[in-house]
Amino acid sequence: TLALGGRVARWQPLDHDAMRLANARVFGLDELPAHDFAKARYIVSFGADFLETWLAPIQNSAGYADSHGFQNGEMTKAVYVGPRRDLTGLNADEWHAVAPGSETVLALAMANVILSERTSAPADANALRGMLSAHTAERAAQATGMTAEAVTRLAREFASAEPSLAV
């Protein structure tokens, strides 16, 4: 922290202000979100190395171990999407090596597949249908290097597992 003429300048190397702002706008909480990995039945990580560096890795690792530990005859499926295979990618059941920066295109295409295959959805999700319509599985395949079939499969698996978690 450095004081400059009565103003305070701060620099944080791992700044999460955008995430805090999104959490405040969507949920009314001006804080970083906490994710319950232990309860998830399907996890998709879009480049978030939640086991090593992302947000609360100790809490995330404990929850992931609970969900991925084959308890009560079930085991969470974990999918990692990112250009580099980090610790989370190494521990995932599937890793998709996508072009750097294309994770968002994939997430939007998965959301489009999910909404286009559902006849009913919450009002806030229905409001996104028009915006998402341009984000097809084929477009995501071109951007990521995955196949359109893989994009559609991930979307369907994610939607059918409850609860599912995307980070």
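Analyst: The spot to look at is a nonpolar surface patch of about 330 Å², put together by Val26, Phe27 and Leu29. A patch here takes residues with over 30% relative accessible area and no salt bridge, joining nonpolar side chains (Val, Leu, Ile, Met, Phe, Trp, Tyr) within 5 Å and like charges within 9 Å. Areas come from the Shrake-Rupley method with a 1.4 Å probe, and for residues only the protein chains shown count as cover. Phe27 sits in helix H1, residues 17-27, and counts as exposed at 61% relative accessibility. (Exposed is over 50% relative accessible area, buried under 20% and partly exposed in between, with a 1.4 Å probe and protein chains only.)

A quick word on the ground rules. This is a predicted model, so local features need pLDDT of at least 70 and side-chain atom pairs count only at pLDDT 80 or more, while totals for chains, interfaces and linings use all residues. Residues are numbered from 1 along each chain as its sequence is written, and side-chain values use heavy atoms, leaving out hydrogens and water.

Now the wider view. The protein chain has 8 helices and 6 strands, running β-β-α-β-α-β-α-β-α-α-α-α-α-β from the N terminus on. (These are DSSP runs numbered from the N terminus: helices are H or I with at least four residues, strands E with at least two.) The C-alpha trace spans about 55 × 40 × 30 Å along its principal axes. Of the 167 residues, 35% are buried, and the chain exposes about 10000 Å², with carbon and sulfur atoms supplying 55% of it. Among contacts (heavy atoms within 4.5 Å) between residues at least 6 apart in sequence, 56% join residues at least 24 apart.

A search of the whole structure turns up 3 aromatic pairs. In one of them, the rings of Tyr42 and Phe158 have centres 6.2 Å apart and planes at 75 degrees, so the pair is edge-to-face. (Rings of Phe, Tyr and Trp, the last by its six-membered ring, pair if their centres lie within 6.5 Å; planes under 30 degrees apart are stacked, over 60 edge-to-face, the rest tilted.) This pair links distant parts of the chain, with Tyr42 in strand E3 (residues 42-46) and Phe158 in helix H8, 116 residues apart. Tyr42 is buried at 3% relative accessible area, and Phe158 also counts as buried, at 16%.

Then there's Phe50 and Tyr64, whose ring centres lie 5.6 Å apart with planes at 65 degrees, so that pair is edge-to-face too. Phe50 belongs to the loop between E3 and helix H2 (57-67) and Tyr64 to H2, so the pair ties together parts 14 residues apart in sequence. Phe50 is buried at 1% and Tyr64 at 7%.

On to the charges: the structure holds 8 salt bridges, meaning a Lys or Arg side-chain nitrogen within 4 Å of an Asp or Glu carboxyl oxygen. One joins Lys77 and Glu94 at 2.6 Å, N to O. Lys77 lies in strand E4 and Glu94 in strand E5 (residues 94-96), so the bridge ties together parts 17 residues apart in sequence. Glu94 is buried at 15%, whereas Lys77 is partly exposed at 24%. Another bridge pairs Glu74 with Arg41 at 3.6 Å, N to O. Here Glu74 is in the loop between H2 and strand E4 (77-81) and Arg41 in the loop between H1 and E3, so the bridge connects parts 33 residues apart in sequence.

Last stop, helix H7 (residues 137-144), where Ala137, Ala140, Ala141 and Thr144 are buried. They cover an arc of only 105 degrees around the axis, which puts them on the same side of H7; the arc is taken from the directions from the helix axis to the C-beta atoms. Glu138 and Gln142, on the other side of H7, are exposed. The cover over the buried residues of H7 includes helix H4 (103-116) and helix H8 (148-160). Just past H7, Gly145 adopts a positive phi of about 95 degrees.
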